[in-house]
Amino acid sequence: MNFSHCTKEQAVEQAARSGRWDDDLRAHAAACSVCADIALVVRFMQLDGELARREAGLPDPGRIWWKAHLREKQMAAERAVRPIAVCQRVACLWGTLTATSILVWEWPRLSSRLDGLKLLLHQAASPGSRPQTDLFAFIGGSLFMFLFSILITLYASWAEE
Ligand SMILES: [Zn+2]
């Protein structure tokens, strides 16, 4: 196999790539088989590249940039909110533990007060005594608010996940 060389190969290749030919180089490429082959191969590679780009169906660069920008904003927002979410979970856990601890530690006193409440209810139910509706409303309202706040806390922590 015999490979021929020409001193103007580089110049022909650059002219073929850029499309800027001078008259001497164009005349040389037409006469020299090595340079004609180089020009033909360069042109073929350019056309093949253009065809491949068209067939690939590249998406709009503006759309790619917009999506990347949007994704970056979302990630920044998630990073900014992450400490708040951690604090909320810690606060929910802390509140639940505190409420449970108070219930457990104060249960003997609560139990004795519930016994007192039972006695009050019994007295209220007995004929001839004045019903103590204020006390019942206060205790019932407090119990309702306590259970309601626990339900809201549990729902908030569940909804985040
Ligand atoms: Zn040549």
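Of the 19 residues of α5, what number is buried? The number is zero, so helix α5 lies largely in the open. Here a residue is buried if 20 or more other C-beta atoms lie within 10 Å of its own, exposed if 12 or fewer, and partly exposed in between, with C-beta atoms placed from the backbone. Helices (H or I, at least four residues) and strands (E, at least two) are DSSP runs, numbered from the N terminus.

Before going further, a word on what you're looking at. This is a predicted model, in which local features need pLDDT of at least 70 and side-chain atom pairs count only at pLDDT 80 or more, while totals for chains, interfaces and linings use all residues. Residues are numbered from 1 along each chain as its sequence is written.

Let's start with the overall layout. The protein chain is divided into domain 1 (9-56) and domain 2 (63-160), with bounds that come from an automatic or database domain assignment. The C-alpha centres of domain 1 and domain 2 lie 78 Å apart.

Now for domain 1. The largest nonpolar core is made of seven residues: Val12, Ala15, Ala16, Ala29, Cys35, Ile38 and Ala39. The elements that give two or more residues to this core are α1 (9-18) and α3 (33-56). A nonpolar core, by the way, is a set of buried Ala, Val, Leu, Ile, Met, Phe, Trp, Tyr and Cys residues joined through C-beta atoms within 7 Å. In soluble globular proteins, nonpolar side chains tend to be buried together. As for Ala15, it touches Arg20, Trp21 and Leu25, leaving aside residues up to four places away in sequence; a contact is a pair of residues whose C-beta atoms, placed from the backbone, lie within 7 Å.

Follow α3 next. This helix has 24 residues and reaches 34 Å from its first C-alpha to its last, close to the 34 Å expected at 1.5 Å a residue. The expected span is 1.5 Å times one less than the number of residues in the helix. Cys35, Ile38 and Ala39 are buried in α3, and what covers the buried residues of α3 includes α1 and α2.

How do α2 and α3 sit against each other? Their axes come within 5 Å and cross at roughly 105 degrees, with α2 covering residues 23-31. Axes are lines fitted to C-alpha atoms, for helices over the stretch in contact, and angles run from 0 to 180 degrees between N-to-C directions. The two helices α2 and α3 are therefore roughly perpendicular to each other, since angles under 35 degrees count as roughly parallel, over 145 as roughly antiparallel, 65 to 115 as roughly perpendicular and the rest as oblique. His28, Ala29 and Ala30 in α2 meet Cys35, Ala36 and Ala39 in α3.

Ser33 is found in helix α3 and counts as exposed, because it has 10 C-beta neighbours inside 10 Å. Val34 has 16 such neighbours, so it counts as partly exposed. Val34 touches Ser4, His5, Cys6 and Glu9, not counting residues up to four places away in sequence. After α3 comes Gly57, whose phi is positive, near 60 degrees.

With 10 C-beta neighbours inside 10 Å, Gly140 counts as exposed. And α5 (residues 107-125) should span 27 Å at 1.5 Å a residue, which agrees with the 26 Å between its end C-alpha atoms.

Technical notes: Two residues are in contact if their C-beta atoms, placed from the backbone, lie within 7 Å.
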